[in-house]
Amino acid sequence: MKPEDLFVMDLQSGKYLRTPPVYKPSACTPLFLAAYTQRDAGACIHTHSQAAVMVSLLYDKEFRISNIEQIKGVPKVTEPGNLSFFDTLVIPIIENTAHEEDLTPDLEKALQEYPSASAVIVRRHGIYVWGPNVWKAKILNESIDYLMELAIKMRSFGIVTDGPIGSERQTRTK
């Protein structure tokens with residue numbers, strides 16, 4: 001990838017300043033813009049993670065997990081520092097649509113309703129994750145993917161993913 005392969009957009013106007021001649025803009029552009037403008041993100045990553053798809057089928061409106069060491073890799077959105085072992089990571093889940101850009105209103109609503117969220121899961125589709133720069137967004141994406149994979153395994157054994165320590169053997173459906 002070379003610099004001339006990149007799209008350049010003015011965030012204020014939403015207009016492209018440069019468009020590579022051989023590529024077309026992503027249908028995800030309005031969703032990325034929502035993360036850039038509503039979360040002041042420096043980078044937004046969208047994947048079709050199998051773990052995100054499975055989590056979207058196992059959980060209803062939110063993915064919740066707590067008391068897992070890897071949560072410490074997730075930054076707090078509303079204050080400095082990262083979540084602690086005892087914090088609960090909460091990621092909203094929105095419904096999929098036929099066209100990616102049609103997800104925008106639901107993603108924007110999730111951003112408003114979940115000011116601490118650094119990701120949004122799209123049911124039967126994947127996940128959007130953002131951070132202050134591409135490297136931190138990548139690390140966050142990897143941390144969340146790990147936590148989703150672990151949650152899927154925990155639930156397969158009837159282990160609660162967001163209960164207090166000691167409630168691990170209780171089966172609960174969200």
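I will start with the record, go on to the charged pairs, and finish with the helix.

Please keep in mind that this is a predicted model. The UniProt entry, which is unreviewed, annotates residues 1-152 as "domain: Class II aldolase/adducin N-terminal". In the model, that span is 32% helix and 21% strand. Its end C-alpha atoms lie 35 Å apart.

Now the salt bridges. The count comes to 7 salt bridges, and I will show you some of them.

Take Asp-162 and Arg-64. Their side chains form a salt bridge, with N to O at 3.0 Å. Which parts of the chain does this pair tie together? Arg-64 sits in strand β4, residues 62-66, while Asp-162 is in the segment after α4, so the bridge joins parts 98 residues apart in sequence. How covered are the two partners? Asp-162 has a relative accessible area of 13% and is buried, because the cut-off for buried is under 20%. Arg-64, at 23%, counts as partly exposed. This pair also belongs to a network of salt bridges that links Glu-62, Arg-64 and Asp-162.

Next, Lys-109 and Glu-113. Their closest N and O atoms are 3.8 Å apart, and the pair forms a salt bridge. Both residues lie in helix α3, which runs over residues 104-113, and they are 4 residues apart, about one turn of the helix. An α-helix has 3.6 residues a turn, so residues three or four places apart point the same way. Lys-109 is partly exposed, at 46% relative accessibility.

One more pair: Lys-76 and Glu-79. Here the salt bridge has its closest N and O atoms 3.5 Å apart. Lys-76 is partly exposed at 29% relative accessibility, and Glu-79 is partly exposed at 43%.

Last, helix α2, residues 50-58. At its start, a side-chain oxygen of Ser-49 comes within 3.2 Å of the backbone nitrogen of Ala-51. Which residues of α2 are buried? Ala-51, Ala-52, Val-55 and Ser-56 are buried. Around the helix axis they cover an arc of only 140°, so they are on the same side of α2. And what covers them? The elements covering the buried residues of α2 include strands β4, β5, β6 and β7, along with α4.

Methods:
Residues numbered from 1 in each chain as written. Predicted model: local features only at pLDDT ≥ 70, side-chain atom pairs only at ≥ 80, totals over all residues. Heavy atoms only, no water. Salt bridge = Lys/Arg side-chain N within 4 Å of Asp/Glu carboxyl O. Helix = DSSP H or I, 4+ residues; strand = E, 2+ residues; numbered from the N terminus. Buried < 20%, exposed > 50% of the residue type's maximum accessible area, 1.4 Å probe, protein only. UniProt positions renumbered as here; feature names shortened; annotations may be inferred. Arc of directions from axis to C-beta. Contact = heavy atoms within 4.5 Å. Polar contact = N/O pair within 3.5 Å; in protein donor to acceptor, adjacent residues only side chain to side chain.
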